[in-house]
Amino acid sequence: MALRGNLRDFTITQLLNLINLAGKTGTLVVDGTSEQAYVSFREGKLAYARVGREDGGLASVLHKANKINASQYRAIADRAGQMTDKELGLLLINAGYVTQDDILLNLQAYFTDVVRRLFTWVEGIFRFENDMLPPDDRINVRLDLENIIIEGSRQLRELEQLQDEIPSLDMALKFTDRPLTNVNLSVDEWKVVKFVDPKNTMRQIAGTNKLTEIEVRRIVYGLLQAGLVELVRPANAPVPPNPKMFPTENKEEQKTLINKLIGRIRTM
Amino acid sequence: MQTVKMVVTGPFSAGKTQFIQSVSEIDVVATERRISSDEERTIKSSTTVAMDFGRITVDEDLVLYLFGTPGQKRFDFMWEILSEGMLGFIVMVDSTRPETFREARSILETFRAYAPTPFVVAANKQDMEDAWELDDMRHALRLDKNTKLLPCVATDRSSVKTALLELLYSILQEMESGK
């Protein structure tokens, strides 16, 4: 079934969040106003990205990163036209021009940059193609998405959208089961993370850290998007009186009432 | 006569009124008004501005009322009033309209903040070709693994019954666990 929609309603960070948490494999195709982008994932990790008419090939990436000079780049383009990036990579490593780390780090940086550019796209249609994998001739990386998501979330400025995402600051936060490792947080983000506890409301965390409502909302939004925390009712919050919930105070009668409802609906 | 109530909430045009109509023994008392905005009018011509009201009689001593909330945000002042005294709530989400997922999350979080009552999420229009998969919806709606996300077709009585039953099972489970 479809995973498609409009960027106005579903941002790139939200899509990355979904792909990350669901551990998806496939390609996100985004049709922007003037360009098309392809971002591929394997098991929820960024594997490959290409935007518009950019070549995005290994030689081009290494040239832009000044790892190979202009004449080397031209020579590769002339002589290695039929060579895959994997073959080219091996050739360059064996010839001593670059190391394996050079290749992987520069590809990671390039793919991350492509995704960063997508954060600025507010108009466009997206679809996720489960069966579309990166081209065979290109080198794939395996990059965790959490940091990219947090970075993208920092760019969200609209108060209205933040209020939609986090309507009440009287809710608390708790860590999800996902490990908090290798995540690059700002000082303010760490201040919030330090107080993540079901006993602390977001309002209390903001007050303690002297953060404004919009600041704490933006930070929490990033942590939520990266799947690091989830919203919970505060552990010590008084339960609001709700005397009319059941017509009786007796617990056994309440259970009987629920069982009667179940029985009635089953037979409808 | 004893009465209890459940609330059916969700974004504009998620299928709340239809959901209640599918199981109510009375014609749903709907307070509908013609849509004023062009954007909303392209989706449907009238909407609930105060509440829908459906009824299921259990026996001569017990009646379940189903209240549907208005989906448009400008009527959200009604939500807290309608949520008072509810046994639990159902959040309806149109599986074919990802543009409403953010609002659905917001409504869900708002209701969760009102009271710690059990809830389920009903993914409506799961019979449509362009419906999102449940797993994708779970992540998009930011639901944890313990939250019930149920495939639903609001026009199908058995599907609606399942959603109501799942909510009642959750209520019973919570009572038995002593929460």
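Reader: What span is expected for helix 5 (residues 100-119) of chain A, and what does the helix reach from its first C-alpha to its last?

Author: The expected span of a helix is 1.5 Å times one less than its number of residues, and helices (H or I, at least four residues) and strands (E, at least two) are DSSP runs numbered from the N terminus. Helix 5 of chain A, with 20 residues, reaches 29 Å from its first C-alpha to its last, close to the 28 Å expected. This is a predicted model, in which local features need pLDDT of at least 70 and side-chain atom pairs count only at pLDDT 80 or more, while totals for chains, interfaces and linings use all residues. Residues are numbered from 1 along each chain as its sequence is written, and chains are lettered from A and ligands numbered from 1 in the order in which they are written.

Reader: Which residues of helix 5 of chain A are buried?

Author: A residue is buried if 20 or more other C-beta atoms, placed from the backbone, lie within 10 Å of its own, exposed if 12 or fewer, and partly exposed in between. By that criterion the buried residues of helix 5 of chain A include A:Ile103, A:Asn106, A:Leu107, A:Tyr110 and A:Phe111.

Reader: Where do the buried residues of helix 11 of chain A lie around the axis?

Author: The buried residues there are A:Leu257, A:Ile258, A:Leu261 and A:Ile265.

Reader: Turning to chain B, which strands pair with strand 1 of chain B, and in what sense?

Author: Two strands pair if DSSP finds at least two bridges between them. Strand 1 of chain B pairs with strand 4 of chain B in the parallel sense over 7 bridges, and B:Gln2 stands opposite B:Leu62 in strand 4. Strand 1 of chain B is also joined by 4 bridges to strand 5 (residues 88-94) of chain B, again running parallel, with B:Thr9 opposite B:Val91 in strand 5. Strand 1 of chain B is mostly covered, since 6 of its 8 residues are buried.

Reader: How many residues of helix 1 of chain B are buried?

Author: In helix 1 (residues 16-23) of chain B, 8 of the 8 residues are buried, so this helix is largely enclosed by the rest of the structure. In the loop between strand 1 and helix 1 of chain B lies B:Ser13, which has a positive phi of about 65 degrees although it is not a glycine, and which is buried, with 21 other C-beta atoms within 10 Å.

Reader: Which elements of chain B touch chain A, and which gives the most?

Author: Two residues are in contact if their C-beta atoms, placed from the backbone, lie within 7 Å, and on this basis 40 residues of chain B are in contact with 40 residues of chain A. The elements of chain B that give two or more residues to this side include strand 1 (2-9), strand 3 (46-59) and helix 6 (157-176), while helix 4 of chain B gives the most, with 8 residues.
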